[in-house]
Amino acid sequence: LWVPKGGQKDVLEPACRYIPGEKASTMKELRASVGIVGQAYRTEAPHFVLLPEDEFPETEDIHKWLIQDCGFDKETVRDHLRDDRRAYCAIPIIDVDDRVLGVIYCDSKSLLDADEVARAMEIAKKIAPIFVHVLKVKE
């Protein structure tokens with residue numbers, strides 16, 4: 001779960017640790033201009049990306065995608081991001097005033113089929129309103 005850092009609109013921070021002990025847990029902030037989290041935040045729309053092994057066979061291919069398509073720099077990719085993920089999902093949490101309060105983020109080592117993607121998106125959309133209430137309490 002990523003939320004605006006200190007009310008800033010261009011920087012997000014994790015509302016809680018990602019996975020304790022994992023490499024990605026070191027990300028303390030994220031520019032809203034990068035990644036699918038930033039894309040979901042900026043566009044106020046859900047984003048789902050699959051990286052099939054036949055199109056991204058090597059770790060370097062995933063790194064290239066993270067840098068060229070997602071806007072991360074090489075150091076961030078090397079030091080903070082998991083390079084073994086094959087599916088990414090980001091769902092914005094939007095309140096009744098159409099303000100994006102945060103972004104629910106999930107990733108997976110496994111590719112999902114079309115039915116699993118649809119089910120994951122439906123579940124995330126259903127739980128997003130719950131986070132609206134949680135994040136309003138934080139304010």
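Me: Why does Trp-65 count as buried?

Reply: This is a predicted model. In it, Trp-65 has a relative accessibility of 9%. Buried means under 20%, so Trp-65 counts as buried.

Me: What makes Tyr-88 buried or exposed?

Reply: The relative accessible area of Tyr-88 is 6%. The limit for buried is under 20%, so Tyr-88 is buried.

Me: Which parts does the pair tie together?

Reply: Trp-65 belongs to helix α2 and Tyr-88 to strand β5, so the pair links parts that are 23 residues apart in sequence.

Me: Which residues touch the most other members of the largest nonpolar core?

Reply: That core has 25 residues, and Trp-65, Leu-66, Phe-72 and Tyr-88 touch the most other members. Two or more residues each come from α1 (35-43), α2 (59-68), β5 (87-94) and β6 (100-108). The largest share, 4 residues, is that of α1. Apart from this core lies another, of 10 residues, including Cys-89, Ile-91, Val-117 and Ala-124.

Me: What is Phe-72 in contact with, leaving aside its neighbours within four places in sequence?

Reply: With those neighbours left out, Phe-72 is in contact with Leu-30, Val-34, Gly-35, Leu-66, Ile-67, Val-77 and Leu-81. Contact here requires heavy atoms within 4.5 Å.

Me: Why is Glu-44 called partly exposed?

Reply: Glu-44 has a relative accessible area of 41%. Glu-44 sits in the loop between α1 and β4 (47-50). Its phi is near 60°, a positive value in a residue other than glycine.

Me: How do you know whether Asp-98 is buried or exposed?

Reply: The relative accessibility of Asp-98 is 55%. Exposed means over 50%, so Asp-98 counts as exposed. Asp-98 is placed in the loop between β5 and β6.

Me: What is the phi of Asp-98?

Reply: Phi of Asp-98 is near 60°, which is positive in a residue other than glycine.

Conventions
Residues numbered from 1 in each chain as written. Predicted model: local features only at pLDDT ≥ 70, side-chain atom pairs only at ≥ 80, totals over all residues. Heavy atoms only, no water. Core = buried A, V, L, I, M, F, W, Y, C linked by side-chain atoms within 4.5 Å. Buried < 20%, exposed > 50% of the residue type's maximum accessible area, 1.4 Å probe, protein only.
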